[in-house]
Amino acid sequence: MTVDMDKVMAFVGKAVADVGATFAAGNVVLGHRLGLYRALAEGPATPEELAARTETTPRYVAEWLAGQAAGGYVEHADGVYSMTEEQAFALTDPDGPLYVPGAFVLATGIIRSEPRIAEAFRSGAGVGWHEHHEDVFLGCEAFFRAGYIGHLVAEWLPALDGVVGKLQRGARVADVGCGHGATTVLMAEAYPASTIAGSDYHDASVEIARKRAADAGVADRTSFEVASAQDFAGTGYDLVTTFDCLHDMGDPLGAARRIRAALDADGTWLVVEPAAGDSVDTNATPVGRLFYGASALCCVPAARSQEGGYSLGAQAGPAALRQVATDAGFTRFRRAVGTPLNDVYEIRP
């Protein structure tokens, strides 16, 4: 075998960047947990000054800041560190339309399960969503909720034919796979005449969703149950939603059939899934890499742990989603809108 060492070193350079990014992930989580980003956004600081703001130790903070500057997450000049408006926008507001640290909390939480995932690769068994470290649930909420804040009410729901009018007048909505209830709460806040029924198979998440709804003052128009996507309660819904969860289900066709049966004759199924094309080649992008990585470590194992044992994977693409919808008896399928991270589909009977 003849090896081109220039190509080898180019590949090693990629690997070094990835290892650096792996360590960087843990440091972003530290910035999130300790409030380091938020404190630095208050104004430029030396390590000693930032440590004083956050009640942490200057030596640790100095090393953290140096790494953050090397990675382009903060700025540095003459021993003083600062953040640009763009960095602060992405890194400091968990209630804003973008919160990057949430993705790192999710990713590092998933990686904690690597030994169990390795065994699942050998056995073919699954690893349930509920079996992961709690950071997976908290990080998922923190990261995805920001995107929902930025897009759900302003863009995604208005892109659906006639749905906003129903919501304004008073619609019945089922939010399937609701997790901690971020989307349930957002819809209830935006459309007070409507009632939103959230469901999730993970009982601990449902408990948190109830608390989130109560804290937001929308408990009177929301309800939550522990149920799978194949057996959630109710019929005659004007809208059923599945946000970033269909690909995690062990029986997505069974879920689609249950949703079809639960919808009113003129109802709509809103499907939000990771942005994807229909082939590995079309998904060979930074976003595709991110989702394939998460899918191998979390999404596919979660689906294989459930009854049915099938998984679409996080990069299923529109053709696979259309097939599920068609097989379930839906006749209308279209991509309504999207973002760099999500595709939003309108599916109707």
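Q: Before we look at rings and charges, when does a charge count as sitting over a ring?
A: A charge sits over a ring if NZ of Lys or CZ of Arg is within 6 Å of the ring centre and within 35 degrees of the ring normal. The model discussed here is a predicted one.

Q: Which ring does arginine 258 lie over?
A: Arginine 258 lies over the face of phenylalanine 232, at 4.6 Å from the ring centre.

Q: Turning to ring pairs, how many aromatic pairs does a search of the whole structure find?
A: The search finds 10 aromatic pairs. One of them joins tyrosine 73 and phenylalanine 104, whose ring centres are 6.4 Å apart.

Q: Why is that pair called edge-to-face?
A: The planes of the two rings stand at 75°, and an angle over 60 degrees counts as edge-to-face.

Q: Where in the chain do tyrosine 73 and phenylalanine 104 lie?
A: They come from distant parts of the chain, 31 residues apart. Tyrosine 73 is in the loop between helix H4 (58-70) and strand S1 (75-77), whereas phenylalanine 104 belongs to helix H6 (residues 100-111).

Q: Is phenylalanine 104 buried or exposed?
A: Phenylalanine 104 counts as buried, because its relative accessibility is 17% and the cut-off for buried is under 20%. Tyrosine 73, at 26%, counts as partly exposed.

Q: What about tryptophan 129 and phenylalanine 137?
A: These two form a tilted aromatic pair, with 5.5 Å from centre to centre and 55° between the planes. Both residues are buried.

Q: Which residues form an aromatic cluster?
A: Phe143, Phe144, Tyr148, Trp156 and Phe243 form one cluster.

Q: Now the strands. Why is S3 described as largely enclosed?
A: Strand S3 (residues 172-176) has five residues, and four of them are buried, so the rest of the structure largely encloses the strand.

Q: How does S3 pair with S4?
A: S3 and strand S4 (residues 195-200) pair in the parallel sense, over five bridges. Within this pairing, alanine 174 stands opposite alanine 197 of S4.

Q: Which helix makes a β-α-β unit with those strands?
A: Helix H10 (residues 182-190) does; together with S3 and S4 it makes a unit that is right-handed.

Q: How many bridges join S3 to S6?
A: Four bridges join S3 to strand S6 (residues 237-243), and the two run parallel. Aspartate 175 has threonine 241 in S6 as its bridge partner.

Notes:
Residues are numbered from 1 along each chain as its sequence is written. This is a predicted model: local features need pLDDT of at least 70, side-chain atom pairs count only at pLDDT 80 or more; totals for chains, interfaces and linings use all residues. Side-chain values use heavy atoms; hydrogens and water are left out. Rings of Phe, Tyr and Trp (its six-membered ring) pair if their centres lie within 6.5 Å; planes under 30 degrees apart count as stacked, over 60 as edge-to-face and the rest as tilted. Buried means under 20% relative accessible area, exposed over 50%, partly exposed in between (1.4 Å probe, protein chains only). Two strands pair if DSSP finds at least two bridges between them. A crossover is right-handed if, with the strands pointing away from the viewer, the path from the first strand over the helix to the second runs clockwise.
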